[in-house]
Amino acid sequence: MELPIPLRQGVERLLEKVPLPTLKQAAKTLSDRYRAELRDGRLHMAEEMAVKAYLATRLPATYAAVRASLDALSEARPDCAPKTLLDIGAGPGTVLWAALDLWPDLEQAVLIEASAAVRRVGEALATEAMTARVAWLAGDVTIDLADLKPAELVTCAYVLDEIGPASLPKLIDRLWHLTDNTLLVVEPGTPAGWQRILAVRRQLVEAGAHVLAPCPHEAPCPLVPPDWCHFSRRVARSRLHRLAKDADVPWEDEKFIYVAASRHAVAPPQARVIAPPKSGSGKVLLKLCEKDGSAGEKLFTKRDGDAFRLARRLDWGDTV
């Protein structure tokens, strides 16, 4: 999955004159903060160079994760074609670009972002390519959501890891009240990210929301630590990305976890593949989260006929 061409070209223009040593140091600092999940009162991308490091090393991966999550939402609700978007903690507009790529008829978007440096970059990237009416608003997502208008699609991607656990229930409650139709929350695919998504999911189900994806049920998650639910997208690294991270491999795997919830119930799939399939001669082993709330591995062989042929085509994250 690649960035949309206008976005990729905009990023290249912003980065073309940045000295590589400066970019590498900024990328390392940003990566260290994300990995440590620092909550020290400072924004991860308060400075312009941190934003540019994000564009070079993180944007392609977060875009891929967000787009995959939106695709799963769209698969669960094929009739979903939102006209309004509210994105909380918008960064440089990652969700907006992914949503417009999937739903070109999106008409209006409100993006909340605390960092002035990020907002400036996001506005610069969007200037020439956006068909939707876009409003960028300054705001702390934990305290500045009171005067916002509801939207058909509300999103919050790669944000909760920067927020203290005590503030999360109030934030999720506010996001749900701002949701006219569907809410999507995306987090890094770490055990800690999964736990945050589980907490969000529990709260939304208790509030009457209907889970669209990834779960094919609304029962408690059947997985038990050290196992955890997450998904992955392979992302090609640009030459600058490899140089900024001193990386030899021309790709990276972005692991992520998400929950999409709606005010409208849908017929759930029978199951979802929640791990990479294991294939052998005449057999496929799938780890499935199933409609009845259970999870486990299921073996398909040639003797299973059509079920085996279907299983061979499935990948991590697909529905059955």
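Predicted model: local features only at pLDDT ≥ 70, side-chain atom pairs only at ≥ 80, totals over all residues.
Local features were required to have a pLDDT of at least 70 and side-chain atom pairs a pLDDT of 80 or more, while totals for chains, interfaces and linings use all residues. Residues are numbered from 1 along each chain as its sequence is written, and side-chain values use heavy atoms, with hydrogens and water left out.

**Helix packing**

Helix H3 (residues 48–57) packs against helix H4 (residues 59–76) at an angle of about 60°, with their axes 4 Å apart; helices are DSSP runs of H or I of at least four residues and strands are runs of E of at least two, numbered from the N terminus. The axes are lines fitted to C-alpha atoms over the stretch in contact, and angles run from 0 to 180 degrees between N-to-C directions. H3 and H4 are therefore oblique to each other, a class that takes the angles left over from roughly parallel (under 35 degrees), roughly antiparallel (over 145) and roughly perpendicular (65 to 115). On the H3 side the contact (heavy atoms within 4.5 Å) is made by Tyr-54, Leu-55 and Thr-57, and on the H4 side by Leu-59, Pro-60 and Thr-62. These residues divide into 4 nonpolar, 2 polar and no charged, where Ala, Val, Leu, Ile, Met, Phe, Trp, Tyr, Cys and Pro count as nonpolar, Asp, Glu, Lys and Arg as charged, and the others, Gly among them, as polar.

**Salt bridges**

Side chains of opposite charge can pair when their charged atoms come close. The structure holds 15 salt bridges, each being a side-chain nitrogen of Lys or Arg within 4 Å of a carboxyl oxygen of Asp or Glu. The table lists some of them.

| Pair | N to O distance |
|---|---|
| Glu-2 and Arg-8 | 4.0 Å |
| Lys-287 and Asp-227 | 2.5 Å |
| Arg-234 and Asp-253 | 2.8 Å |

The pair of Lys-287, in strand S11 (residues 283–290), and Asp-227, in the loop between strand S6 (210–213) and strand S7 (231–236), links distant parts of the chain, 60 residues apart. Lys-287 is buried at a relative accessible area of 18%, whereas Asp-227 is partly exposed at 26%; buried means under 20%, exposed over 50% and partly exposed in between, with a 1.4 Å probe and protein chains only.

Arg-234 counts as partly exposed at 46% relative accessibility, as does Asp-253 at 31%. Elsewhere, salt bridges that share partners join Arg-67, Asp-71 and Asp-101 into one network.
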